[in-house]
Amino acid sequence: MKLGRLNHIGVATPDLDASIAFYRNVMGATDVTEPFVLESQQVRVCFVNTPGENGTAGTQIELLQPTSSDSAVGKWLEKNPLGGQHHICYEVPDIHAAKAWFEGLGKRVLGEPRIGAHGTLIFFVHPKDMGGQLTEIMETPKDGHH
Ligand SMILES: C[C@@H](C(=O)O)C(=O)SCCNC(=O)CCNC(=O)[C@H](O)C(C)(C)COP(=O)(O)OP(=O)(O)OC[C@H]1O[C@@H](n2cnc3c(N)ncnc32)[C@H](O)[C@@H]1OP(=O)(O)O
Ligand SMILES: [Co+2]
């Protein structure tokens, strides 16, 4: 398994617009993407781009509001009503090799790889098999675009 970039930190929120205002006004974010709905994950999502160094893209805060209470993020917010850190996403060069790796270790890969918010294949590994951390694995975008 070859660990790639920390692509994003997933942060759940009950109110996406309030969270965008928070990142702009409290955290001084200047580069926030337009929210869009990712139906397959039942979330409305946008990205706060943090500065990288010498021209490389920085990591992102991925803001997630559930589009239904009966969803992964919706259920999580029931237990964590203020929102907060929900998952961590790492890039890998080969999503299928990574899936086989985790499964070979007996860790629960949740569902088949599917297209995520960056337009590349993603999957999740169950938090209980990952030291309590819901972990998203994402194929590195081919065009280097993050
Ligand atoms: C936009 C896209 C992208 O980046 O491309 C995304 O990220 S979409 C991001 C949203 N999509 C996802 O998260 C998809 C993957 N997530 C899932 O499949 C689900 O959330 C599971 C992780 C399987 C949990 O399912 P569910 O909430 O129905 O089960 P549950 O409530 O019984 O939770 C089982 C146990 O896991 C814990 N648990 C639940 N969610 C957790 C999380 N985010 N981090 C750490 N632990 C978590 C619960 O507290 C519980 O522990 P206790 O038993 O100790 O109470
Ligand atoms: Co994510």
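1. A quick definition before we start: a residue is called buried under 20% relative accessible area, exposed over 50%, and partly exposed in between. D17, with a relative accessible area of 46%, is therefore partly exposed. Bear in mind throughout that this is a predicted model.

2. D17 has a partner. The side chains of D17 and R44 meet in a salt bridge at 3.7 Å, N to O. This pair ties together distant parts of the chain, with D17 in helix α1 (residues 16-25) and R44 in strand β3 (residues 43-49), 27 residues apart. R44 has a relative accessible area of 28%, so R44 is partly exposed too.

3. On the overall layout, the UniProt record (an unreviewed entry) annotates residues 5-140 as "domain: VOC".

4. Now the metal. The cobalt ion (ligand 2) is held by H8 (NE2), E62 (OE), H87 (NE2) and E136 (OE), at 2.0 to 2.3 Å. Along the chain, these donors follow the spacing H-x53-E-x24-H-x48-E. H87 sits in strand β5 (residues 84-92) and E136 in strand β8 (residues 135-139), 49 residues apart, so this pair links distant parts of the chain. Both H87 and E136 are buried.

5. Why call the site octahedral? The 6 donor atoms around the cobalt ion (ligand 2) subtend angles of 79 to 173°, and that makes the arrangement octahedral. For reference, the ideal angles for six octahedral donors are 90 or 180 degrees.

6. E62 lies in strand β4 (residues 60-66). E62 is buried yet has no salt bridge, and the nearest side chain of opposite charge, R5, is 11 Å away. What the E62 side chain does have is a polar contact with the side chain of H8 (3.1 Å), plus a polar contact of 3.1 Å with the side chain of H87.

7. R5 is paired elsewhere: its side chain meets that of E91 in a salt bridge (2.7 Å, N to O). E91 is in strand β5 and R5 in the segment before β1 (6-12), 86 residues apart. E91 is buried, at a relative accessible area of 2%, whereas R5 counts as partly exposed at 24%.

8. As for the rest, the salt-bridge count comes to 5. One of them joins the side chains of D129 and R108 (2.8 Å, N to O). D129 counts as buried at 18% relative accessibility, while R108 is partly exposed at 42%. K99, E103 and E112 are linked in a salt-bridge network.

Terms used
Residues numbered from 1 in each chain as written. Chains lettered and ligands numbered in written order. Predicted model: local features only at pLDDT ≥ 70, side-chain atom pairs only at ≥ 80, totals over all residues. Heavy atoms only, no water. UniProt positions renumbered as here; feature names shortened; annotations may be inferred. Donors = N, O, S within 2.8 Å, 3.2 Å for Na, K, Ca; no water. Tetrahedral: all angles 85-135°; square planar, octahedral: opposite > 155°, others 65-115°. Helix = DSSP H or I, 4+ residues; strand = E, 2+ residues; numbered from the N terminus. Buried < 20%, exposed > 50% of the residue type's maximum accessible area, 1.4 Å probe, protein only. Lys, Arg positive; Asp, Glu negative; His and termini not counted. Salt bridge = Lys/Arg side-chain N within 4 Å of Asp/Glu carboxyl O. Polar contact = N/O pair within 3.5 Å; in protein donor to acceptor, adjacent residues only side chain to side chain.
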